[in-house]
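Colleague: I am new to this one. Please walk me through the model.

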Number of protein chains: 2
Amino acid sequence: MTQPQPSHTTHTPGRVRVLTGAKPTSELHVGNYFGAIRPAIEASHDAGKEVILMCVDWHGLTDRSKILEPGKYTAGLLATYLTMGFSLEKNMIVLQSEIPEIPEIAWYLSCVSAVGLLERAHAYKDALNSGKEPTAGLFNYPILMAADIVTFDAQVVPVGKDQSQHLEYASDMVKLFNNAVGRPVLFEPKALIQETPLLIGIDGERKMSKSYGNHLPLFAPKKEIEKRIKEIKTDSKGLDDPKDPETCAVFQILKSFASKESIAYMEERLRTGTGYGYGHAKKDLIDEHERVFGCKRELYEHYINSPREMAQLLTPSHNSARQLAATVRQRVRDALSLGIL
Amino acid sequence: MTQPQPSHTTHTPGRVRVLTGAKPTSELHVGNYFGAIRPAIEASHDAGKEVILMCVDWHGLTDRSKILEPGKYTAGLLATYLTMGFSLEKNMIVLQSEIPEIPEIAWYLSCVSAVGLLERAHAYKDALNSGKEPTAGLFNYPILMAADIVTFDAQVVPVGKDQSQHLEYASDMVKLFNNAVGRPVLFEPKALIQETPLLIGIDGERKMSKSYGNHLPLFAPKKEIEKRIKEIKTDSKGLDDPKDPETCAVFQILKSFASKESIAYMEERLRTGTGYGYGHAKKDLIDEHERVFGCKRELYEHYINSPREMAQLLTPSHNSARQLAATVRQRVRDALSLGIL
């Protein structure tokens, strides 16, 4: 069912508005940088895109026992994107919890969405099957996510396969709402389904994840980084044996963030083998980590310790975001004839 | 389980903050005046009370097929309270949809509430049993209602028996939230369970209700009022028969809004019977309706046709309400460490 899109949208000709969410639920590591942070930063330098990077702290509250975590990790998440060069020139970094239009619009979406739709959500069913007692927040998560998207007239939302159902839901809710009010008010987003690139952890076995404890931090003290890299599991090949980069965790981790030159260099040395053991490779990984992240450690720490400065940096983003959100909110309220005037 | 209440609340010493909701879902009639409007107006003149009368238009959206109704009936509801003398001096009339803090706080409550709690709500189960496909809005209704209450630190909420479970839920959510953040942040309201006084309709059979078509409007043209009152069903007692006021719909409807004198007069005449038939009683009811409502028809119409004036009248209410809501919102956000600063 194709429906007309609203005629008065807020898009900039020649630029596609891309919405990307990032949840502040733990300290960030190289796996996050590879999978989410770097792609968003690269998109922010793409002239054809207008990126709204949303720090979705509200989504992080849905587990009651971890309800205090988003508040702890938000500053680190924002500081990471700023430190690593997200361009604010034609893009925005938005803290979800600063946009009250989102939960308001979520309410309108909830009033057109059947309970059954939410009951069929994979993430909710997984939570039930795992024996957890899900919160209403977890149950309503797809509605809030749809609201994130439609509140900003987002055109494209890059998501992993595990999130594709939520994007279908967002499209469904847009259609349901537009049908209920009898005209196209909300903009229907397109999902950009992506293979989420996974990075191997320092255990050389599972994907890098804070919960497995096999992660390599971004801005930890150099000594800790060295220690973690030295712990990376390798096979028993000797100094002069040819080594397979594809199965070498040291190389895979390097490849996830290093410069082309550094990647080509290590790949070549490993394959050849001669005089280049895993100890050398780890030394090179430490140097590259220091070159890419370590040299920005101070800037990162500066942001973390200067929330006021960070807030100021993000003020233009929040002003633009609030203006956008207010426009869409008014469109929705007009369609429902809400308000006194 | 008794918990400490937050120490810094927003209450005025010597006044109990009472929150009352009114849903704009149809044209108001004498039954509504009797059951809800008059009690709220009387409370607004009680020096010991600070009444927040909330026009809960968001609650009216939960039935997708009637999603456009609240927008239609809000002006009439607000105009009715103003016309009939609700005192704004130390009280507020608040339009729910003007308070974005409510859905935000609803999100926080949803993140501490188990899905099972909502599944056990009577209203939701009734909807399921009636074969309807309930919306997520209907499912989440108890959360939004709890948010209405806690956003204003309401102390007392008068509710009918059918709503008492929702007040228990609100208390539960307050406890769950305060427990999750480890300190008393939200104020726990008390329910004031009331028998909802029912009024008989003009069919003399069922309770007065717009959906039964047996209602007597408040501000309809006099001719329509006369027509409706003349239609009131009575028994076949003759002019000079003694009549029982308890079973006489004309008297019951009069009693719901008339002055003491008019009530005593009709009661006496009906009991005695002599020379006082139902025709006379209907004539007296028409006169009394005109005296109480009809003479204010112009004022009501004036409000309806001057939304800007109504908005201005309610501006102080909305300013106070937003200030209150912002205070509570900040308490909640501080407890969760949300925001950048």
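Colleague: Which domains does the assignment give for chain A?

Modeller: This is a predicted model, where local features need pLDDT of at least 70, side-chain atom pairs count only at pLDDT 80 or more, and totals for chains, interfaces and linings use all residues. Residues are numbered from 1 along each chain as its sequence is written, and chains are lettered from A and ligands numbered from 1 in the order in which they are written. Domain bounds come from an automatic or database domain assignment. For chain A it gives domain 1 (16–197 + 308–336) and domain 2 (210–298).

Colleague: How many residues of chain B are in contact with chain A?

Modeller: Two residues are in contact if their C-beta atoms, placed from the backbone, lie within 7 Å. Chain A puts in 50 residues. Chain B puts in 49.

Colleague: Are α3(B) and α13(B) roughly parallel or roughly perpendicular to each other?

Modeller: Helices are DSSP runs (H or I, at least four residues), numbered from the N terminus. Axes are lines fitted to C-alpha atoms over the stretch in contact, and angles run from 0 to 180 degrees between N-to-C directions. α3(B) and α13(B) pack at about 25°, with axes 10 Å apart. Angles under 35 degrees count as roughly parallel, so α3(B) and α13(B) are roughly parallel.

Colleague: Which residues of α13(B) does α3(B) meet?

Modeller: From α3(B) come B:Glu101, B:Glu104, B:Ile105 and B:Tyr108. In α13(B) they meet B:Ala325, B:Ala326, B:Arg329 and B:Val332.

Technical notes:
Helices (H or I, at least four residues) and strands (E, at least two) are DSSP runs, numbered from the N terminus. Angles under 35 degrees count as roughly parallel, over 145 as roughly antiparallel, 65 to 115 as roughly perpendicular and the rest as oblique.
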